[in-house]
Amino acid sequence: MSSLFRRPLLRLRERSTAVLAGLALALFPAVLPPSQPGAAPLIPGAEAQQKLLRISAIPDQKPETLNRLYPLLANELSRSLGVPVKYVPVTDYTAAVSAFRRGDLDLVWFGALTGVQARLQKPGAKVIAQRDIDGSFHSLFIANTVSGLKPIRNQKGLSELKGKRFTFGSESSTSGRLMPQYFLGQAGVTLQDFAGGAPGFSSSHDATIALVQSGAYQAGVVNEEVWQSSLLSGKTDPRKVIVIWRTPGYPNYHWLAQPDLDQRFGKGFTAKLQGSFLNLRANNPKQADILELFGAKRFIPAPVAQYDAIEKVGREIGKIR
Amino acid sequence: MTPVVTAPRPGHCPWPFQPPAAPLLMLLPALVLLPLAALLPGLVHGGGWELIGQFAAAALTPSLDPVLLGAAFTGLGVTVGIALLGWALSLALGLVGGVLSSRTIWRTLLAEAWPAELIRRFLAVPRSIHELLWGLLFLQLVGLQPAVAVLAIAIPYAALVARVVGDLLDALPTAPLDALRNAGAGAPGALLTALGPALLPGAFSYGGYRLECALRSATLLGVFGLGGLGTELRLTLQSLQFHELWTGLWLLLAVMLLLEGSLRLLRRRWGMPGRFGLDARGVGRSGRELLLALLALLPVLVLVARALGVNPASLLVWQALPPFLPNWPVVLALPWGSMVGTTVLLTLLAAALAVGGAPLLLLFVAPWPWGRLLLQGLWALGRLWPPPLTALLLLFVLKPGLVTAALALAFHNLGVLGRLLLEAADSAAEGPAAGGAELALRCAGCGPRLALLYGRFSGLARSYLAYGAYRADVILRETVVVGLVGAAGLGTLLLEALSSFAVDQLLALVAVYAALTLVGEDLSDRARRRLLAS
Amino acid sequence: MPPSGLPTPLLELREVTVPGRAADRLAGVSLQLRSGERVALLGASGAGKSTLLAVANGLVAPASGAVLWEGAPPARSRRLRQRQRARIGTLWQDLRLIEELTVQQNLNAARLAEWGWPKALLNLLQPLDTAANSAVLREVDLDPALLPQSVTALSGGQRQRLAIARLLRQQPTLLLADEPLAHLDPRLAAELLALLLRQATAPRALLLSLHRPDLVGGFDRVLALRAGRLVLDTPPAAVDPALIQALYGAGPSPWPDEPR
């Protein structure tokens with residue numbers, strides 16, 4: 001009876017489809033335009049980059065925000081420094097630090113913790129500037145209104161968060177993880193105290209707000225600056241997510257440059273670079289855009305000593321070895 | 001009352017117990033669903049059902065923004081390119097490694113087999129480390145560049161291919177070789193003539209399967225920032241831009257199904273054995289065509305490498321690891337026991353869910369009118385979504401931890417296992433004994449599900465479970481990728497150590513992982529041999 | 001409808017046609033099989049014996065014409081259809097035993113149409129219905145001690161008998177067998193045929209295709225196919241060498257309605 005039930009095999013069609021599909025698939029990457037600058041998330045190798053200043057930033061916000069902000073800045077720096085400047089996006093905080101250590105990035109907008117990590121890994125790296133707000137930066141603990149969490153009066157009240165679903169930002173974020181964890185620890189809350197025995201790591205401040213607002217997490221912690229711009233833009237619904245506590249101030253973001261910029265770009269380049277930031281003024285329309293996008297009135301020098309406290313906290317929490 | 005001596009009733013079973021029969025064995029792992037069903041209500045927080053709903057709804061309305069599409073296409077191109085290059089490199093290296101680890105080869109050349117054993121042991125090490133770990137390690141050493149992802153795929157894959165090729169070579173009958181040698185042929189020539197053509201079908205069938213794996217690996221590496229579409233997938237998921245996320249997912253699905261489909265057709269066309277039972281040797285056909293295809297692949301690979309900007313020379317410029325003062329007492333004080341325990345538990349849970357889930361779903365869903373299609377779709381999604389993305393999605397409604405991580409891993413592996421099971425079941429329905437016992441049962445009035453269970457699963461059980469044992473070994477390696485979902489064993493600590501640049505912990509963790517997977521591989525091998533022997 | 005007084009035929013084919021690639025595999029075949037009848041089906045290879053049996057057990061639906069089991073066409077609802085199929089027992093040429101299971105489990109597999117899931121699963125865990133299974137094994141001259149054995153451990157003859165025992169365990173009314181004696185040595189073939197004929201008594205009926213005209217002696221009726229047409233329906237006594245030559249020979253057909 002066998003032959004009655006055998007399936008017909010479509011030999012001919014099978015053959016040509018297979019060959020065509022295979023070819024199409026194999027050639028697909030080859031027909032793409034060769035590595036588009038900017039769009040490709042890959043950092044070009046170290047070679048032939050002698051005269052190109054590569055700037056980057058830890059991806060603490062939505063990629064679109066970063067992609068709007070940094071090309072503007074790159075243009076302005078290129079104009080004032082007289083060298084080509086390119087913005088190279090990176091995918092996470094750790095990658096930014098590693099790339100800086102390797103010398104794949106020349107100038108990076110780091111958080112306090114990643115900046116300390118980067119300077120420890122690249123001795124001699126120079127702190128260039130910070131914003132006026134970075135000397136005393138704040139994080140906000142936020143909560144979903146359904147969670148029943150209410151604004152708390154003092155730090156001890158953070159113990160209310162025990163047993164709640166809680167998310168940080170990135171693992172290496174100063175304002176989204178390091179300092180909040182430090183303040184939580186002072187209030188007697190450890191990471192195991194959260195629901196599920198561990199906190200979440202949302203990867204960015206925008207993501208933290210969205211997750212807490214959605215109810216996926218009952219509470220979280222964000223950088224005050226991102227919170228405010230999110231409120232202003234109307235993305236955050238104040239009926240769904242509220243601030244429950246504002247941390248004391250601590251130093252945060254700053255520009256960090258490679259130690260060898262003077263050798264590569266000429267004597268005095270690092271000083272000139274610093275000058276470019278310190279001289280950004282709100283009365284210049286182009287520069288005003290940049291300052292506004294950075295959420296700063298101006299850039300100011302950053303005393304290196306202020307990060308000693310951050311390094312100490314980093315070591316206590318184990319994020320710095 | 002008089003005591004009554006009960007005589008053995010007629011028909012009472014004279015042999016008290018027997019082990020569960022073959023088809024039940026296949027469903028046995030699914031018993032893990034019972035404790036899981038008990039645990040799950042306590043883990044669901046349901047806070048983000050709305051998000052899950054939005055995510056699902058966005059599947060129908062992916063973003064078609066040209067800029068985004070362009071970026072997605074570029075990302076996809078990078079992913080496919082990385083997969084292709086990593087795969088090709090792994091095949092080349094793996095073939096060499098396989099020949100070097102074949103006992104037959106060494107015995108013919110040197111009359112000694114010990115170098116083969118030595119090389120086998122040595123190759124177990126690169127194999128035991130997941131491609132993600134290789135990627136992150138190279139990232140630290142040579143910086144972020146496309147070559148990192150290619151190499152990260154090539155190294156563990158090459159070791160895997162080497163092992164399979166070595167096993168295939170040693171399983172080939174040696175009679176033709178002996179005949180040639182006795183006739184006075186030189187050793188290399190005799191080896192090539194006697195073993196080369198016989199090796200091809202198995203090796204290429206496996207090689208094609210590796211390409212599918214490479215595509216999945218390249219996507220996964222992207223999720224961790226090593227280039228390609230995966231990066232976009234993760235960013236869009238984490239910023240809850242589901243429409244944009246689905247643009248990438250659909251594109252990836254199309255490429256994956258296209259690749260799997262064409263490989264299946266090529267396998268059939270070239271008369272190569274299916275994935276089940278690697279030791280089954282098919283009769284290779286169209287050898288010349290196959291070689292031509294391989295030759296045609298070379299210029300394509302060069303083009304792809306150029307398009308991606310892969311520069312092998314840049315791999316030679318090494319940078320030291322981040323400076324660190326090893327603090328071994330701290331490393332030793334880490335909760336190794338509980339971490340290893342959690343990792344093993346995670347592996348077992350995920351493996352049981354995946355291995356038991358596939359036949360269970362097939363049994364219950366496949367007989368529905370649209371059931372087959374539904375399953376194929378579900379399994380394709382499972383294969384498509386890198387486990388860390390599934391895990392992040394699950395966190396919207398589940399608490400973090402072991403079970404959530406296991407579900408994410410299980411869903412991915414269910415996709416892989418389910419597809420192979422369906423393919424194997426389909427091939428059982430072809431040929432002279434078409435339908436076999438299943439058809440006979442159906443003709444005797446048995447329902448479709450019981451007929452499937454008795455008639456088809458019986459024959460598949462052993463080889464399926466053997467493959468399941470292999471899959472469990474893969475899952476053990478993969479536990480590292482769901483470290484994102486806190487409290488998930490070694491993987492979680494590993495990601496934390498990475499972001500803290502704690503190189504001492506990192507090295508210790510990689511070493512423990514490697515040791516664990518070596519043990520796991522050994523156990524899985526034993527299980528497979530036992531299953532396939534009887 | 002059958003004429004009054006006669007019981008409903010267990011199997012009835014009315015003008016059944018099954019198209020094939022070049023010519024019809026069955027062309028306008030009509031037949032009736034009644035309770036207690038034992039019918040042999042003869043014909044050269046390719047004459048349509050297998051197709052006729054496939055139509056008879058419902059595997060192949062005719063392109064035109066009708067097939068009725070106990071007077072009813074194939075049921076629409078799945079449940080009823082399964083019940084209908086449970087009453088048709090097929091003896092497969094390749095036996096189609098479940099190699100991975102024991103003799104007992106194989107015998108019980110014939111009851112799956114009646115059993116629900118719990119019993120079907122239990123059968124895979126422990127011996128069920130040992131008494132009934134022992135009884136059918138005895139009917140086919142097999143030792144009930146074989147029950148816990150794996151099917152793979154049986155000899156060729158034992159496997160043939162087991163397949164018949166499974167058929168009996170199904171308790172069908174219509175027994176179909178497609179060349180069950182092919183590839184068997186003459187003694188075993190004769191023994192098995194005798195066994196089948198012995199079991200096929202009322203209320204059962206047997207339709208068995210054969211390629212050996214010398215074995216038709218024990219049947220009640222002999223049918224023969226040539227090129228998809230039913231050309232013969234006689235008592236076995238009428239099967240003589242001339243007829244066999246006409247059936248199997250390459251010469252022109254003695255039956256006028258056969259298409260050239």
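1. Two strands count as paired if DSSP finds at least two bridges between them. On that basis, in this predicted model, six strands of chain A form an open sheet with mixed pairing, in the order β2-β1-β3-β10-β4-β11. The edges of the sheet are β2 (85-87) and β11 (299-300) of chain A, each of which pairs on one side only.

2. At the β2 end of the order, strand β1 (residues 53-57) of chain A runs parallel to β2(A), and three bridges join the two. One position can be checked directly in the structure: A:Arg54 stands opposite A:Lys86 of β2(A). Helix α10 (residues 269-278) of chain A packs on this sheet, where it touches β1, β3, β4, β10 and β11 of chain A. The direction of α10(A) makes about 5° with that of β4(A).

3. A further helix of chain A, α5 (residues 112-121), lies across β3 (107-110), β4 (126-131) and β10 (254-257). The angle between α5(A) and β10(A) is about 15°.

4. What is the total of helices and strands in chain A? There are 12 helices and 11 strands. Of the 321 residues in chain A, 58% are buried. Among contacts in chain A with a separation of 6 or more, 78% are between residues 24 or more positions apart.

5. Strand β5 (residues 139-144) of chain A is mostly covered, with six of its six residues buried. A:Ser139, A:Phe141 and A:Ala143 point one way from β5(A), while A:Leu140, A:Ile142 and A:Asn144 point the other way. The residues on both sides are buried, A:Ser139 and A:Asn144 included.

6. Which strands are joined to β5(A) by bridges? One is β8 (residues 219-223) of chain A, which runs antiparallel to β5(A) and is joined to it by five bridges. In β8(A), A:Asn223 is the bridge partner of A:Ser139. Another is β9 (residues 241-246) of chain A, again antiparallel and joined by five bridges. Here the bridge partner of A:Ala143 is A:Ile242.

7. In chain B, B:Pro146 belongs to helix α8 (residues 146-171). Is B:Pro146 buried or exposed? B:Pro146 counts as buried because its relative accessibility is 6%, and the cut-off for buried is under 20%.

8. The contact between chains C and B involves 33 residues from chain C and 34 residues from chain B. About 2900 Å² is buried between the two chains, 68% of it on carbon and sulfur atoms. C:Arg96, C:Trp117 and C:Leu124 supply 23% of the area that chain C buries against chain B, more than any other three residues.

9. How many salt bridges are there between chain C and chain B? The count is zero. Five residue pairs are in polar contact across this interface, with both residues of each pair at pLDDT 80 or more. On the chain C side, α2 (78-86), α3 (103-109), α4 (117-122) and α5 (130-139) each supply at least two residues that touch chain B. The most comes from α2(C), with four residues.

Definitions and conventions:
Residues are numbered from 1 along each chain as its sequence is written. Chains are lettered from A and ligands numbered from 1 in the order in which they are written. This is a predicted model: local features need pLDDT of at least 70, side-chain atom pairs count only at pLDDT 80 or more; totals for chains, interfaces and linings use all residues. Side-chain values use heavy atoms; hydrogens and water are left out. Contact means heavy atoms within 4.5 Å. Axes are lines fitted to C-alpha atoms, for helices over the stretch in contact, and angles run from 0 to 180 degrees between N-to-C directions. Buried means under 20% relative accessible area, exposed over 50%, partly exposed in between (1.4 Å probe, protein chains only). Buried area is the accessible area (1.4 Å probe) that two parts lose on being put together, summed over both. A salt bridge is a side-chain nitrogen of Lys or Arg within 4 Å of a carboxyl oxygen of Asp or Glu. A polar contact is a pair of N or O atoms within 3.5 Å; within protein, one must be able to donate a hydrogen and the other to accept it, and residues adjacent in sequence count only if both atoms are side-chain atoms.
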